[in-house]
Amino acid sequence: MSWYRLLHPRPVAILIAGIDRPNPMALSWHTPIDDERGLLCVVVYKGNYTYELIRKYGEFTLNFLSIDRLDTIWFCGTRSGRKIDKVSMLKLKLEPSIKIKTRHIADALAYIECKVVKEIDMGDSALIIAKVEYWEARKFDEIWKPEANVAMHVGSKYFCTPSSYYKVE
């Protein structure tokens, strides 16, 4: 067990990098870091094929799926795209993005288009700071609507959805 699981559950995203042969990777280590300047960061293991694509193209999309797409999320997070084409294998429909060349998942609940601003070496991993160039969301109105059932990673093979919201009066 590790202390970082105390920081979960977290919305899981499918990070897509690459233009010629896009590669989707499941990722829950992402966070906003400056909402006024539109900056977020992701942490990616340097041995991942996706990391190579982020470095090559300097951009990526974050795609958020509902829990009913858990098989897709798990597949993207447990297989390398270095030797297989995950987009074709999963029959993912990708659409052109608005501000960047990397495509996004057509039926995602939401997607965020990002351009890399800075990379910080973290040893085996890289903390990648990116500027949000564009975003779009369904079933979202300042917060996720409960019916979105956005997939959240708890840890290991466990996932959940936001089940109840409480508003402070």
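The protein chain exposes about 10,000 Å², and carbon and sulfur atoms supply 53% of that area; accessible areas come from the Shrake-Rupley method with a 1.4 Å probe, and for residues only the protein chains shown count as cover. This is a predicted model, in which local features need pLDDT of at least 70 and side-chain atom pairs count only at pLDDT 80 or more, while totals for chains, interfaces and linings use all residues. Residues are numbered from 1 along each chain as its sequence is written, and side-chain values use heavy atoms, with hydrogens and water left out.

Of the 169 residues in the protein chain, 43% are buried. Buried means under 20% relative accessible area, exposed over 50%, and partly exposed in between (1.4 Å probe, protein chains only). The radius of gyration is 15 Å, which agrees with the value near 15 Å for a compact globule of 169 residues; the radius is taken over C-alpha atoms, and the globule rule is 2.2 Å times the number of residues to the power 0.38. Along the principal axes, the C-alpha atoms fill a box of roughly 50 × 40 × 35 Å.

The secondary structure comes to three helices and 14 strands. These are DSSP runs numbered from the N terminus (helices H or I, at least four residues; strands E, at least two). Among contacts with a separation of 6 or more, 60% join residues 24 or more positions apart, where contact means heavy atoms within 4.5 Å.

Helix 1 spans residues 49-57, and its buried residues are Tyr49, Thr50, Tyr51, Leu53 and Ile54. Their cover includes strand 2 (13-17), strand 3 (23-27), strand 5 (39-45), strand 6 (59-64), strand 9 (110-122) and strand 10 (125-137). Just after the helix, Gly58 takes a positive phi of about 70°.

Five salt bridges are counted, each a side-chain nitrogen of Lys or Arg within 4 Å of a carboxyl oxygen of Asp or Glu. One of them pairs Lys46 with Asp121, with the closest N and O atoms 2.5 Å apart. This pair links distant parts of the chain, since Lys46 lies in the loop between strand 5 and helix 1 and Asp121 in strand 9, 75 residues apart. Lys46 is partly exposed at 26% relative accessible area, whereas Asp121 is exposed at 55%.

Asp107 forms a salt bridge with Arg69, with 2.9 Å between the closest N and O atoms. Here Asp107 sits in the loop between strand 8 (104-105) and strand 9, and Arg69 in the loop between strand 6 and helix 2 (70-78), 38 residues apart. Asp107 is partly exposed at 46% relative accessibility, while Arg69 is buried at 18%.
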